[in-house]
Amino acid sequence: MKDKPTRREVLGHAVRGATLVGLGGLGFYLIRKANGEGVWQIDCEKCVNSRLGAVGVEVCDYCATSCVLGLSAVRAVNDYSICGRCYICPAYFDIKSAVNEEGLPSQKLCPRDAIDRKPIGWVDPDDPANNYYEYAIDENLCNGCGKCVMACKEPAGLNSIRLVVRYDLCLDCNRCTIAIACPDEAYERKPLSEDEGVG
Amino acid sequence: MNPRTGVKKTNVTEQGAAGFSPHGAASALEFAALANQSRPRGMKPAALLFSLTSFSLTSFLLISVVSVGVFLLGATQAFAQQIDYERPVDVAPSPEDIGEEYVLPVTPQAPPRAQWREAVDVAVLAAALLLCTWIVLVRRSRRWLVVLSIGCLLYFGFYREGCICPIGAIQNVVVALTDPNAAISYFVIAFFLLPLIMTVLFGRVFCGGVCPLGALQDLVLLPTAGRGAGRYIFTTAGGGAGRYIPLRVPRVLDKIMGTFKWVYLVLAIWLAARPTETRDFIICRFDPFVGFFRFTGPTHMLLIGAGLLVLGMFLGRPYCRYLCPYGAILSLLSRISWRYVTITPDKELDCGLCAESCPYGAMKDLRAEKSSCLFCARCFNACPRHRVRGRPEVTSNESSQSS
Amino acid sequence: MRYRYIGVISGKGTNGGLFADALRGLAFDATDRLYAVGDSKLVVFSPQGKLLRSRRTERPGHSVAVAADGTVYVGQPGQVQLFDPDGKLLDTWRDAGRLGLVTAIGFVDDYVLLADAKDRCIRRYDQGGKFLNEIGNDNRMRGFLIPNKHLDFVVDPQGVIHACNPGKHRIERYTSAGKLLGHWGRFDGRDPAGFSGCCNPTNITLNRQGHVVVAVKAGPRAKVYSADGKLLAVMGEDDLDPLCKNTDVAVDSRGRIYVIDTARLHICVFAPDITTQPAEPNADETVKP
């Protein structure tokens, strides 16, 4: 067995070697094109729910309905550095609903009741309008339907709520079903840049 | 322009001079449009010249005061004065306004999957490939292979939920090769190339114990009765009378159906190579089992997957053999593999006992055919020489017990 | 009471309007001349809406008011500029740490009141620009609630300050010493008599009858209330750009209501409709985008 290799073996080694070199070359070529990990992201300037200027239009809920996950990887987040802590939050309340005896809208906007409202700081026992309120979105309930995002948009609100991809849940599918459904092409896979953190 | 903070940057051409510029005959109509008067007429030439010099003055007007607006001005402008909003108006109340030692909550933002975790995926893949090679070619154990494939099914299938996989990576590679603007992740490259390199060296080890799609199909294949029936999934298929034998596909038909995967591969490459607007990742779109890994998915995917699994109970690994586009590449590369599965651990005897053990039709002339052997290790137990000598330590144990 | 839309002033027309980027403040002087500030400009219109003069301000104007002696005050980021009736710069008030963004100016007795959106309160100065006291921030919220970043108020002939507190959906009345006299207004998203949204009303003025004229955002409108808060009229639902916000309002001696369209950068004019029939708006087509 350890004798001279046969012609056939030599040929086999040559073909194998050539194939491995070819694969290595392919890998080398691809690595030159690699620029880190792209992740699916939502461009707030394109998404109709957060895009300024688009008012009085239908809320787009494709992020909630198109994801392959049971509960979409897209969530609404409230940017606390912008949120005005309003007494009447148009993203929390359905402000078109009838006013109840407390002077508040009787209906909530979120279909999944994912937003929590609580007075913060020193609470005035006599005047509920005399308080700041914190609005926290429960990430385990939110499905990214975008209603609150649209409601918090200028000029009605402050743009403090936006849709983001939960990178820890996103499967980073090659063929993202939300990106295919997105009518605004706001869903893009690109490397995460430094300045796109929480603003 | 930042949509969230609403900072609008606009270039404003300023005009004006000292004092009001008297305006001449304006439209006499009440509330008439003054649109046509972009600049008050009747300006003194000097003032006009002055205002012209200030035309290049470019200022950024602030509409939202969330961010600090800065007026950028040419240094030589007469009116140049940097207007900085030293004290911008905040929308959010400060913690001091809120009181009671309010702490600003952190806005939730899940970080992207850490690079090291992606690297762990690659490491797991590499380790699984090496382990599978060792189990099949050296240890020659069906039992350990099943353990490994279940492990890989749990990790790559149910934990990583079917993404990232080398099969889908074909499309990313095609996109990276054809689209000059496309980027590709290092980890995708590794997932694409590692199984290919292992195939050139050792055969289709990826199919045998690493691929979660293959593992799922391998596990649903109806077990055959026979030796060690209680441990059915660990035992061989075939090998004796009165036992269940998976559906045999006539060799010619098997070869014909095997060309489907080439068609699929070409179609996938063609669709992935198209421009962005019409690009489609068909492999991912019709991935049959990813819906099971995620416990949800489009109906067509789940139906195809269920159909393939039901079929796979009677016919060994239909997706791998007839459809998998990555399998097409692997079957080609495995033809030149350096090492490969030999049914008998040493010299092959042509006794024919193994003939019916292969559920995947990879047995040709009593040898495992390189291009279609899926490294399932079922045939080993059918070989009498394997049973005697394939597991030397067992033999030595028995001999030590008997002594 | 009814108001009808009769046209616009200073449209951002095809040849470039007077205002390219912003139009923020409106005021009338005693002779019904209309002062408007925007961009970095102070513009004066005749009572008929003709452009009279225009001059530059040092910084973008956010508010304008004309004192009884004709001095024009222009509120700007970090400062107030004073001009004489001919447009000559008289003085520039800066008060480091106090004047953040001046979004409203009023006069009571011999004092000048400046609304500071940065510190969410109104400040009283004497005519020399010396700071005296603060109004509206002696409360739990440490000031008015203005998530809309605009604080507006008006002073009635009795010297009472009527200030918008949009976050509370109220109009609050203060003395110039800073004492809260009372408030009216409530949230209601359905009833037009209530204030809708997160923060309304945004802007306020008074007409000759003592009615309170307010502007609201999302959707932008102007409303007229009696002094005790009874809704009298609504206007501008169809005439203002839906993106308008902090639309300053002014009323002339004829009772016409002028509302800034902050998106289209022109001033919408509404006249009291003496006929009962709602008249067809007489909009100038060339300037209405």
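Q: Which residues of β23(C) lie on one side and which on the other, and are they buried or exposed?
A: In this predicted model, Ile257(C), Val259(C) and Asp261(C) sit on one side of β23(C), with Tyr258(C) and Ile260(C) on the other, and all are buried. Both faces are therefore covered, where buried means under 20% relative accessible area.

Q: Why is strand β23 of chain C called largely enclosed?
A: Because 5 of its 5 residues, 257–261, are buried, the rest of the structure largely encloses this strand.

Q: What makes β22(C) and β23(C) paired strands?
A: Pairing needs at least two bridges, and 3 bridges join β22(C) to β23(C), so these antiparallel strands pair. Val251(C), for instance, has Ile257(C) as its bridge partner.

Q: Why is the meeting of Arg175(A) and Asp280(B) called a salt bridge?
A: Their side chains come to 2.8 Å, N to O. The cut-off for a nitrogen of Arg and a carboxyl oxygen of Asp is within 4 Å, so the pair counts. The rule finds 1 salt bridge across the interface of chain A and chain B.

Q: What makes up the side of chain A that touches chain B, by class?
A: That side has 26 nonpolar, 15 polar and 13 charged residues.

Terms used: Residues numbered from 1 in each chain as written. Chains lettered and ligands numbered in written order. Predicted model: local features only at pLDDT ≥ 70, side-chain atom pairs only at ≥ 80, totals over all residues. Heavy atoms only, no water. Nonpolar A, V, L, I, M, F, W, Y, C, P; charged D, E, K, R; others polar. Buried < 20%, exposed > 50% of the residue type's maximum accessible area, 1.4 Å probe, protein only. Helix = DSSP H or I, 4+ residues; strand = E, 2+ residues; numbered from the N terminus.
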